[in-house]
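Thanks, everyone. Let me put the structure up, and then I'll walk you through it.

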Amino acid sequence: MEFEISNLKKHFGGIQALNGVSLSFSGHQIIGLIGPNGSGKSTLVNTIGGIHEPDSGTITFNGKRIDHLKPNQVMQHGVGRTFQVTRAFRRMTVMENLLVPALALYPEKGRKTWEARGREVLDFLTMDHLRDDYARSLSGGQQKLLELGQLMMTDTQLLLLDEPFAGVHPKLMESIFEYIKVLYGQGKAFLIISHDMNSIFTLSHRLVVLNYGDIIADGDPQVVKYDEKVIQAYLGEEVEDA
Amino acid sequence: MQYFLSLCATGLVMGVIYALMALGLTLIFSILKVVNFAHGEFYMLGGYASYFLLSTFTGLHPLLAVFISGLIVGAIGLVFELIFLRPIHKGQIERPSEYAVLVTVGLSLFLMNLSLAIAGPIPRRPASFLAGTVQLGTVNISAERLIAGVCSLILLGLLLLIINKTWIGKALRAVSQDKDAASIVGINPLAINTIAFAVGAGLAAIAGALLAPIFSVTPDIGATPSIRSYIIIVLGGMGSIPGSILGAILIGLVESLGTGYFPDPTRALNYKMVYGLVIFAIVLLFRPRGLFGRKET
């Protein structure tokens, strides 16, 4: 797996949300993406996922340009995402929510095959007993699991998770934590935005810190943790150039 | 009692046909978030298409002409959506709501005047499906209306089956609930928009073609069914499919019973729309979001 972002820029009105971000990795990794509010984390994920079109710069995944593609086309290239505020289809059942992405991307395999796969995914997520419930009846944490399940139904290689632990019951948070590790073991890569520092420092192999649309630190989480620029960014002080 | 049952039967049959048209409007509104002001003209085009098909191909079965009319008008809807509505959803229009009103009203005026130029103002009536009346128990009902009602019922059933059981139905429901989330899971919302608009236009045309042998077709015939459809979808709850069907049947029944029991039979038909509007006002008074309307979350 090869992923590369090169000199990515995005502005909204007078605000430069991404100021020439470059980031790359090979193979599968769990990358944590942190930064103070308004630092550009969600903009970066939205731009990778095709929701925002970049002003300039490139995004390539496995050698193919995916910038300027629509979200459904980005998904077809193997890059999927979840939302900070869950966007499960509330008036569909849990099983229907799983079938939608599978049938959208691979309709030729047929409903029966996908229903069987859906049962496997729900078993894995220990949600099989909820398969006929409407998504609107699930808790916030269960809806986050459901979104993870939607990505598992497809051949998504890179999963962009926006605040997967936010507002989730501690028990469910542990489960999500474990599922991410299992999926990583199956060869998936993750780019995870989180404000939950304990989880993100423990889970990530690499930590990227954004501030005002720039990457201010990138490396081993245990090193980044003590980076002066990072500490200053979180304390809200101006960072002076060395 | 027999008179009451007969009015109910007519009301039910008309309600099912109204449902077909209202469902088309609901489909377009819930997916594209656009109120189609040309929906009545798709209804009118369906009637004309059926009339000209049956005049040109004399051996053609009237029911087959109805469905071919639906396909022709569906194709017109498809082309219109691709050219005029797709730019809205590609973010190319600065004021999308106003633009949508202007282009659909423009289409409505264009189609009305085009029909006037081609077919003239004289009412046209396609060949009847079946003349006479049918005895259902103690109730007599016009064979034409019964066949139109049964065809509409079959189409409604088929449509509900597609919406609830097939992949395309799931995609339609997903886009109607959350366009961005649908896109993220691999659905192309632009393609779904086009499908929804074409199907909506086709359904209106089928309703028009089914009723053309009963009411005849003129260039301005779409106005009343169009207004009735707006009433039905608001009554049922904007964007709700069960709401549209129930609302249509309710309006069909109320119109039939209101006309049948109006004290002065010579003026009863003049107030046909009023009976439905009274029910509409009462329902909205107690349920402002309509029968099946939901608060968006």
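One caution to begin with. This is a predicted model.

Start with the sheet in chain A. It is open and has six strands. The order is β6-β7-β8-β3-β9-β10, and the pairing is mixed. Which strands stand at the edges? They are β6, residues 79-81, and β10, residues 214-219, of chain A. Each has a single partner strand, so one side of each is left without a neighbour in the sheet. On average, neighbouring strands are turned by 20 degrees against each other, with direction ignored.

β6(A) and β7(A) run parallel, joined by three bridges. Here G80(A) has L159(A) as its bridge partner in β7(A). Next comes the pairing of β7, residues 158-162, with β8, residues 189-193, both in chain A. That pairing is parallel too, over five bridges. L159(A) is bridged to F190(A) in β8(A). L160(A) is bridged to L191(A), again in β8(A). How does the chain cross from β7(A) to β8(A)? Through helix α6 of chain A, residues 170-185, in a right-handed β-α-β crossover.

Stay with β7(A) for a moment. Five of its five residues are buried. Take the faces one by one. On one side sit L158(A), L160(A) and D162(A), and on the other L159(A) and L161(A). Every one of these is buried, so both faces are covered, a buried residue being one with 20 or more other C-beta atoms within 10 Å of its own. As a general point, side chains in a regular strand alternate between the two faces of the sheet.

α1 of chain A, residues 41-48, lies across β3, β6, β7, β8 and β9 of that chain. α1(A) runs at about 145 degrees to β7(A).

On to chain B. Look at the hairpin. β1, residues 133-136, and β2, residues 139-142, pair antiparallel over four bridges. L136(B) stands opposite V139(B). Two residues lie between the strands, and G137(B) in the turn has a positive phi of about 65 degrees.

Then the helix pair. α3 of chain B, residues 62-89, meets α8 of chain B, residues 189-215. Their axes come within 7 Å and cross at roughly 145 degrees. The crossing is right-handed. By class, the contact has 19 nonpolar, nine polar and two charged residues.

Next, the two chains together. In chain A, 23 residues are in contact with 15 residues of chain B. On the chain A side, α2, residues 71-76, and α3, residues 94-105, each supply at least two residues. Which element gives the largest share? It is α3(A), with seven residues. By class, the chain A side has twelve nonpolar, five polar and six charged residues.

Last, the backbone. N7(A), in strand β1, residues 2-12, of chain A, has a positive phi near 50 degrees. N62(A) also has a positive phi near 50 degrees, but N62(A) lies in the loop between β4 and β5 of chain A.

Over to you for questions.

Conventions. Residues numbered from 1 in each chain as written. Chains lettered and ligands numbered in written order. Predicted model: local features only at pLDDT ≥ 70, side-chain atom pairs only at ≥ 80, totals over all residues. Contact = placed C-beta atoms within 7 Å. Nonpolar A, V, L, I, M, F, W, Y, C, P; charged D, E, K, R; others polar. Pairing = 2+ DSSP bridges. Axes fitted to C-alpha atoms, helices over the stretch in contact; angles between N-to-C directions. Buried ≥ 20, exposed ≤ 12 C-beta atoms within 10 Å, placed from the backbone. Right-handed = clockwise from strand over helix to strand, strands pointing away. Left-handed = near helix turned anticlockwise from the far one by under 90°.
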